[in-house]
Amino acid sequence: MAVTRDEVLAVLKGIADPVTDTDIVASGTMRALSVTDGKVRFVLEIAPSQAKAYEAVQADAEAKLGALPGVEAVSVVMTAHSAPAAPPDLKPQRKAEPAGPQQVPGIDRILAIASGKGGVGKSTVSANLACALAAEGRRVGLLDADVYGPSQPRMLGVSGRPSSPDGKTILPMRNHGVTMMSLGLMANEDQAVVWRGPMLMGALQQMLTQVQWGALDVLIVDLPPGTGDVQMTLCQKAKVDGAIVVSTPQDVALIDARKGIDMFNQMKTPIFGLIENMSTHVCTECGHEEHIFGHGGVAAEAAKLGVPLLAELPLDLDTRIASDGGAPIVVSKPASKQAQTFRALARRLVDEGRA
Ligand SMILES: Nc1ncnc2c1ncn2[C@@H]1O[C@H](COP(=O)(O)OP(=O)(O)OP(=O)(O)O)[C@@H](O)[C@H]1O
């Protein structure tokens, strides 16, 4: 019998927190507990200066949980939240570190895929574009930053959970030439997580710096829909080179897309262009093309913004079946018109030095 969440929690409640005099559950240090099929994973969120003190806690937790019947593997990841600021030192000092968004070592470019509204095909575009860039010979990473439900594991056909053999770095997953990691996989599968600001910042930071991406030409970030904390945090923490906004032709999706565009403008993140998804419907029987959601809205919006309309993708059954089946259309039907559209987009971004 696999171990239960309650049994794991009971053990964790017996482990003292060296900083707060309570246990690591009561102090909130232990977070994002996930117990699935005998595999136990959680995060210890600590101040960087206390890392040494928590090494013993990590070892203790691993040993005690490892000894529980029904536990197959234990993975504990330490993440740092920022320590309280030290009092100002008014003596002249060496030049201050540059503030604001930082370049992530090893990652040449970050390209965000955004949408104002859910369900417009942002993850489908991210997965296909990542595979298309890999097919162009680029070293591509895909960070699924959707905290509400990861879709990239399904779209790229990878299963399981990321592991951390040394407790310090996280091993990403890989398929179709794309290295992938999903923020949603850091949380418990069967529990809705409320990602609070500091935790989200820690998790995003961890995704960018602790995941073994290897050297990447481009990291594509599949953002959650809308204009929330993830978007802000990403643009504040990392130097995002540009964003592509995906929208359907429907008015409401467009209005929402405008909000997203405004946000990137405020964050001073360049918008490389818009993509119209579910642009037309091509009848599988007779090939007749219909604009079920209206037409031209996204093109008009792009013109207004002075950015290109990068692609118009039809509502297409093969595209959906491919994404939902773990091999995006770029991989499963490389000769199709839809796959060729993504390949052309990938080549364009590479030629422009953007991917
Ligand atoms: N061009 C298309 N033709 C047919 N189906 C599509 C197309 N684009 C996306 N879909 C399908 O629509 C659904 C939603 O797409 P997807 O998950 O990519 O959207 P999303 O914007 O990332 O959604 P969310 O914000 O909820 O994560 C999926 O089942 C996907 O396969």
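Me: What share of the 355 residues in the chain is called buried, and by what criterion?
Reply: Buried residues account for 43% of the 355 residues in the chain. A residue is buried if 20 or more other C-beta atoms lie within 10 Å of its own, exposed if 12 or fewer, and partly exposed in between, with C-beta atoms placed from the backbone. The model is predicted: local features need pLDDT of at least 70 and side-chain atom pairs count only at pLDDT 80 or more, while totals for chains, interfaces and linings use all residues. Residues are numbered from 1 along each chain as its sequence is written.

Me: Why is G116 called buried?
Reply: G116 has 24 other C-beta atoms within 10 Å, and therefore it is buried. G116 is placed in the loop between β4 (110-114) and α3. Leaving aside residues up to four places away in sequence, G116 touches P225, G226, S247, A253, D256, A257, K259 and G260; a contact requires C-beta atoms, placed from the backbone, within 7 Å of each other.

Me: What makes V120 a buried residue?
Reply: V120 has 23 other C-beta atoms within 10 Å, so V120 counts as buried. V120, too, is found in the loop between β4 and α3. Among the residues that V120 touches are V246, S247, T248, A253 and N277. UniProt, in an unreviewed entry, lists both G116 and V120 under "binding site"; such annotations may be inferred rather than shown by experiment.

Me: How do you know which elements supply at least two residues of the shell around the ligand?
Reply: A residue is near a molecule if its C-beta atom, placed from the backbone, lies within 6 Å of it. Helices are DSSP runs of H or I with at least four residues and strands are runs of E with at least two, numbered from the N terminus. On this basis, α3 (122-135), β10 (271-282), β12 (309-315) and α9 (317-324) each supply at least two residues of the shell. The largest share, four residues, comes from α9. Of the 20 residues around the ligand, G121, K122, S123, T124 and R320 come nearest.

Me: Why is the chain described as being as compact as a globular protein of that length?
Reply: The chain contains eleven helices and twelve strands. Its radius of gyration is 22 Å, close to the 20 Å that the globule rule gives for 355 residues, so the chain is as compact as a globular protein of that length. The radius is taken over C-alpha atoms, and the rule is 2.2 Å times the number of residues to the power 0.38.

Definitions and conventions: Two residues are in contact if their C-beta atoms, placed from the backbone, lie within 7 Å.
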